[in-house]
Amino acid sequence: MLRKKYQPLFMKLLFEDESLMLSDRLESEFSREDLRKPYHRKILMKEIIHLHENFTGEAAARLELLYVKLGFHQDSLRKASSKKWYIAAKGMRELALMNVKEHYPDLSHFLNSKNEVLRMEARIAMMKLSADNPLSFLSQITEPLTAWDQANIYSMLNKMHDSKVPDFSKWLNSPNKTVVLFCILMIGAYRQRDSVNILISHLDNPDPKIRLETVKALKELSAHEAEEKVISMYHNQPDEIKLEILRLLEAAGRENSVKLFIEILETPVEEFSLSIQAVRSLIACTSDAEKVLQSVLPGREQELLPIVLHAKNKNL
């Protein structure tokens, strides 16, 4: 009933002259009782949010203004302050959805909540409400970024204008390991080549997970500048990092890498994936790959020939 009652008014506010929306008499167009009674107020608020989900552009902007002028943003803020996490989460979602930028600072204290859902909602809301620095909260968080957080952030970034994508290298020295790992991943995903030298310095990180993700990002950037460094560190790495180094060299290696591939192939095979990738990388790095392979095969055909054939099979 309440929805039907206000449907003509909503259509007028959305599609006719905006003078009523901007006038002081806007609130008087709504029944005082409907704005005062909690249940009626809840229905009106829900209807405005529902309409907003179905409109863009000027119509959406008018609904956002209506939401604030009727004081519904204060209702959402009160929800966000609730001790009940699911109510607080709903309040943050409403503020973000209705683009109430003035309450951006009020959400920061949720960034490090012990409740994972509240942390995620706060981060998403702050991204939506930020004027020009949607990931500024990365400097504030001490709690981990979950895989779900990272997926949400990346998804939202992909919908934003390129000008809003930050230089992720600024967070590579964060004390929060998950922030560092996420930013390394984003440097690769957004092809931020200006960060190559900073990434190379992270190859000395004592944490193997950070070294692994750094090598992967350098591969995404086809960073030939890292060739000498990764060759020198190869033998001291776990197999998982060795494999990624070889993939990096396949993408960005040059003649300097050939010596490493020969060393790998001249050593008795322990890990087939490394030997197979060494052949693939060798083929990518030099036009003399066949000569090199013929030089290491004699006497070891039974061991190496299946590896070479596997590496050359483009269907595998």
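Helices here are DSSP runs of H or I with at least four residues, strands are runs of E with at least two, and both are numbered from the N terminus.

A word on the source. This is a predicted model, in which local features need pLDDT of at least 70 and side-chain atom pairs count only at pLDDT 80 or more, while totals for chains, interfaces and linings use all residues. Residues are numbered from 1 along each chain as its sequence is written, and side-chain values use heavy atoms, with hydrogens and water left out.

Back to His161. Is this residue buried or exposed? His161 has 57% relative accessibility, so it counts as exposed; the cut-offs are under 20% relative accessible area for buried, over 50% for exposed, and partly exposed in between, with a 1.4 Å probe and protein chains only.

Now to the rings. Phe, Tyr and Trp rings (the six-membered one for Trp) pair if their centres lie within 6.5 Å; planes under 30 degrees apart are stacked, over 60 edge-to-face, and the rest tilted. Searching the whole structure turns up 10 aromatic pairs. One of them joins Phe168 and Tyr190: the ring centres are 6.2 Å apart and the planes are at 20 degrees, so this pair is stacked. Phe168 is in the loop between α9 (147-158) and α10 (177-189), and Tyr190 is in the loop between α10 and α11 (196-201), so the pair ties together parts 22 residues apart in sequence. Phe168 counts as buried because its relative accessibility is 0%, whereas Tyr190, at 22%, counts as partly exposed. Both belong to a cluster that ring pairs build from Tyr154, Phe168, Trp171, Phe182 and Tyr190.

Next stop, Ala217, in helix α12 (residues 208-220). Ala217 has a relative accessible area of 3% and is buried. Which residues does Ala217 touch, not counting those up to four places away in sequence? They are Ile184, Gly188 and Leu199, where contact means heavy atoms within 4.5 Å.

Last, a helix pair. In α1, Leu2, Arg3, Tyr6 and Phe10 meet His40, Ile43, Leu44, Lys46, Glu47, Ile48 and Leu51 in α4. Those contact residues divide into seven nonpolar, one polar and three charged; Ala, Val, Leu, Ile, Met, Phe, Trp, Tyr, Cys and Pro count as nonpolar, Asp, Glu, Lys and Arg as charged, and the others, Gly among them, as polar.
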